[in-house]
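Hi everyone, thanks for making time. I'd like to walk you through one model today, so let me put it up on the screen.

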Amino acid sequence: MTVFVLVPGMFTGPHVWQDVTAHLITAGAEVHPMALTGLGGSATAGAGVGLETHIADVLAVIDSVGAVAGREIVLVGHDYGIHPVLGAADRRAERIARIVHLDAGMPQDGVPALAAVADQSLRRQVAERAGTGTAEGADGELPPPARDEWQRWGSTAGVPDAALDRLTARAAPQPLGTLLQPLRLTGAVAAVPTTGVLCTGNGASIEMVQMRVDFGDPALQALAERRVTFFELPTGHWPMLSCPTELAGVLLRAAAGEGHRLEAAGAAGPPPHLRPFLLDVPELPRERTGNVDLYLPDAEGPRPAVVFVHGGPVPAEARPTPRDWPTLMGYARYAAGQGVVGVTLDHRLHDVADYERAAGDVAAAVELVRADPRVDADRVALWFFSGGGPITADWLGSPPAWLRCLAASYPILAPLPNWGLAGSRFHPADAVADAGALPVVLTRAGLEMPEIAATVEEFLAAAKGSGVDVEVVDVPHGRHGFETLDPTDEAREAVHRAMRSVLAHLTA
């Protein structure tokens, strides 16, 4: 028999698992929806309660399950709940059949749960309430969200109004010590089979995780091991409330060892971002200055320039770095072959919290390029890719006169819900209202990931409402990164068309 131990996230208790529990019991499983110490809502509930307290809570349930042959314990941690789950599993690794990360991160040894809170302003709020923000076992509590504040902790997509009302009414303050006390792991938990359940409505998907693995992120390479599986649910951060039947089915399949398995980086040849560019372009030399590469045309006098801005986040350890990727080099060489200066750069978008730093890197690179005597400083275009899309907000919101065109290929044009960037300046769908007469060329992949496609549609709707000129170049059968994934005639023509449009705006 499978024994599920369901551990809730912040502010919540066993009530969120009610419908999932019923489905699992009907399927013949034993289920223990957990109540964590200190989440009772009393005025002193947070006193002395830390992550270790909640680890002890989970250990008590594990120990209460008899060690009888055929009874397999599956620990399910939602959101914050994955921290006590991992802490307990590390100490009872031999008793645990599988761990399920339910729209949860990958906590590491020595790191407190506060680090997993995506919203930077919420992190600061916790630190202010805690005083120093670093003391283990700090007393005090973080009040639960109001009804309209749950989105800051994760998308509520799909949650019925009545369920959101109940979630709000029954929410309890979170003891600060549970967020500030570091997770301590011996490493034993690394051998336990694991399943990740990703909620695409909250901005996570298997395709995105595979991309991160392909980039060579050392912290994610273990995700390609055979013991690790994945599922997706097309809903927000609260699947136990939005689709309990589907979630119960996924948990049963996870317990049976089913699910999608990732490919190790390079296992089937070069990863997508390192495959050849789809066009034959001239092998022009480049000049490298710091983090910027110039591809110079064979032409006299100052020439217009196109600055190509890579996406991400890209791990800091990734090699080669983005300016040496075939796609970026291919576009820059193509531009130089057409008589303009092609520019690539490396910026420091290594995490979704790095957008401000990355935007500064891009702005500095642009000024370096404009200062070069071989560049016409009054004729520059910026071309963004993928996760570089949010940086376009800086240029859309206040376009300088020398910026003759802004292009974007399969971009993310609004922060994804799990990025914690709500209210930040990196929201192109908001900034486009101030773009004025700036021409925008947007290349749209027809087979785009749904969570990214939604941001493009939001952007296009905002642009239309503001009267901004957006030329859409569609690649109906193209995927995200189609230049190396889908080298078809359709894709080639899309690249040619987008480049022709950008160059026309540069030389007009």
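Quick housekeeping before that. This is a predicted model, so local features need pLDDT of at least 70 and side-chain atom pairs count only at pLDDT 80 or more, while totals for chains, interfaces and linings use all residues. Residues are numbered from 1 along each chain as its sequence is written, and side-chain values use heavy atoms, with hydrogens and water left out.

What is the strand order? It's an open sheet of 6 strands, ordered 2-1-3-4-7-8, with parallel pairing. On the edges you have strand 2 (30-33) and strand 8, each pairing on one side only. On average, neighbouring strands here are turned by 20 degrees against each other, direction ignored. About the terms: strands (E, at least two residues) and helices (H or I, at least four) are DSSP runs numbered from the N terminus, and two strands pair if DSSP finds at least two bridges between them.

Two helices lie over this sheet. Helix 1 lies across strand 1 and strand 2, at about 165 degrees to strand 2. Helix 2, residues 51-64, lies across strand 1, strand 2, strand 3 (72-78) and strand 4, and runs at about 160 degrees to strand 3. Those angles go from 0 to 180 degrees between N-to-C directions, using axes fitted as lines to C-alpha atoms, for helices over the stretch in contact. Contact is heavy atoms within 4.5 Å.

Now zoom in on strand 7, residues 194-199. Is it buried or exposed? Mostly covered: 6 of its 6 residues are buried, and buried means under 20% relative accessible area, with exposed over 50% and partly exposed in between, for a 1.4 Å probe and protein chains only. Thr-194, Gly-196 and Leu-198 point one way, Thr-195, Val-197 and Cys-199 the other, and all are buried.

Who are its partners? Strand 4 (residues 96-102) runs parallel to strand 7 and is joined to it by 4 bridges; His-101, for instance, has Gly-196 as its bridge partner. With strand 8 (residues 228-233), strand 7 pairs over 6 bridges, again in the parallel sense, and there Thr-194 stands opposite Val-228.

As background, most residues other than glycine have a negative phi, and most peptide bonds are trans. Which bonds are cis? One is Gly-312 to Pro-313, with omega near 5 degrees, and another is Arg-319 to Pro-320, with omega near 0 degrees. Pro-313 is in the loop between strand 11 (303-309) and helix 10 (326-337), and Pro-320 lies in the loop between strand 11 and helix 10 too.

For positive phi, take Phe-11, at about 70 degrees and not a glycine. Phe-11 is in the loop between strand 1 (2-7) and helix 1 (18-26), and counts as buried because its relative accessibility is 1%. Ser-386 also has a positive phi, near 50 degrees. You'll find Ser-386 in the loop between strand 13 (375-385) and helix 12 (392-397), and it is buried, since its relative accessible area is 12%.
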